[in-house]
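Please read the following briefing alongside the sequence and the coordinates.

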Amino acid sequence: MKNLTLIIFYLIVFSISAQELDGKWLMTKEGDTYTIPENLILEINSNSLKYFSFDELQSSIPIKIEHNNIIINQNQTDFVEFINDDRIIIKSEGKVSEKDSLIITEYVRLKETKTKLSAKEIQNLSFKFNWNDEKFKLVFNKELGSPQVMKMMEKDELTKIRLDKIDSTYFISIFQFGKRETIIPIKEVSNDKMILYGTAKKPYEIVGKKID
């Protein structure tokens with residue numbers, strides 16, 4: 001009876017751990033942090049771990065989840081620490097500058113964007129943000145770079161912000177020279193405000209007000 005109780009307890013713990021991790025997770029990064037793949041998104045379920053560069057699948061590997069450990073193979077086990085239900089830290093052994101190191105990466109869970117607006121309606125709106133005294137404006141599909149610089153560099157595009165979507169999550173995507181450089185998920189958007197999330201530093205949400 002005692003052994004049966006232990007087995008049931010183990011199965012319950014395993015199920016809860018796997019269920020908590022199920023879903024897609026965006027790696028947070030600061031400034032010009034460079035990652036391979038770029039705009040790294042993980043998709044985790046009970047038996048596989050998929051790596052995406054935004055919406056492009058890069059690789060998929062089999063895993064096991066036991067408690068807060070992601071077992072990738074006999075030689076690698078990553079430890080998962082929950083900051084809250086939608087933000088985790090993954091600790092793994094790796095090499096930095098050819099030295100063995102503990103690599104710590106942080107991820108936020110991608111969730112359905114709350115909105116009653118269509119993609120077209122969202123792109124017709126503009127917002128202003130203030131995050132830690134850093135002010136910026138969000139205008140979709142408009143060239144933000146200097147026409148003089150664009151002409152001098154013989155480029156058709158310098159900097160543009162576009163609206164993207166993965167599953168039920170909307171993103172603002174910042175493109176440089178036609179290449180997607182930065183993505184920020186949208187938590188909520190209405191005719192009056194937009195809330196972004198996924199920042200590496202607090203506050204983890206950025207609230208923007210509509211520009212008339």
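Predicted model: local features only at pLDDT ≥ 70, side-chain atom pairs only at ≥ 80, totals over all residues.

**Strand pairing and surroundings**

F52 has L57 as its bridge partner in strand 4. Of the 212 residues in the chain, 36% are buried.

**The hairpin of strands 3 and 4**

- The bridge between F52 and L57 belongs to an antiparallel pairing of strand 3, residues 48-53, with strand 4, residues 56-62, and this pairing extends over 6 bridges.
- Between the two strands of this hairpin there are 2 residues, and F54 adopts a positive phi near 55 degrees.

**L40 in strand 2**

- L40 is placed in strand 2, which covers residues 40-44.
- The relative accessible area of L40 is 8%, and because buried means under 20%, L40 counts as buried.
- Between the C-alpha atoms of L40 and E56 there is a separation of 9.8 Å, although these residues stand 16 residues apart along the chain.

- T28 is found in the loop that lies between strand 1, residues 23-27, and strand 2.
- With a relative accessibility of 9%, T28 is counted as buried, because this value falls under the 20% cut-off.
- When neighbours within four places in sequence are set aside, the contacts of T28 are R87, then E106, Y107 and V108, and also G198, T199 and A200.

- In the order 11-10-16-15-14-13-12, 7 strands form an open sheet whose pairing is antiparallel.
- The edges of this sheet are held by strand 11, residues 134-139, and strand 12, residues 159-166; each of them has a single partner strand, so one side of each remains without a neighbour in the sheet.
- On average, and with direction ignored, neighbouring strands of this sheet are turned by 35 degrees against each other.
- Within the sheet order, strands 15 and 14 follow one another, and strand 14, residues 179-189, is joined to strand 15, residues 193-197, by 3 bridges in an antiparallel arrangement.
- M194 in strand 15 is the bridge partner of V189.

- Apart from its neighbours within four places in sequence, G145 is in contact with L158 and T159.
- G145 and K160 are 15 residues apart in sequence, while the distance between their C-alpha atoms is 8.0 Å.

- V149 is part of helix 3, which spans residues 147-152.
- Together with M152, M153 and F177, V149 makes a nonpolar surface patch of about 390 Å².

**The chain as a whole**

- The accessible surface of the chain amounts to about 13500 Å², and 50% of this surface belongs to carbon and sulfur atoms.
- Among the contacts in the chain with a separation of 6 or more, 38% are accounted for by residues 24 or more positions apart.

Note on methods: Residues numbered from 1 in each chain as written. Heavy atoms only, no water. Helix = DSSP H or I, 4+ residues; strand = E, 2+ residues; numbered from the N terminus. Buried < 20%, exposed > 50% of the residue type's maximum accessible area, 1.4 Å probe, protein only. Patch = residues over 30% accessible without salt bridge, like charges linked within 9 Å, V, L, I, M, F, W, Y side chains within 5 Å. Areas by Shrake-Rupley, 256 points an atom, 1.4 Å probe, with all protein chains shown as cover. Salt bridge = Lys/Arg side-chain N within 4 Å of Asp/Glu carboxyl O. Contact = heavy atoms within 4.5 Å. Pairing = 2+ DSSP bridges. Axes fitted to C-alpha atoms, helices over the stretch in contact; angles between N-to-C directions.
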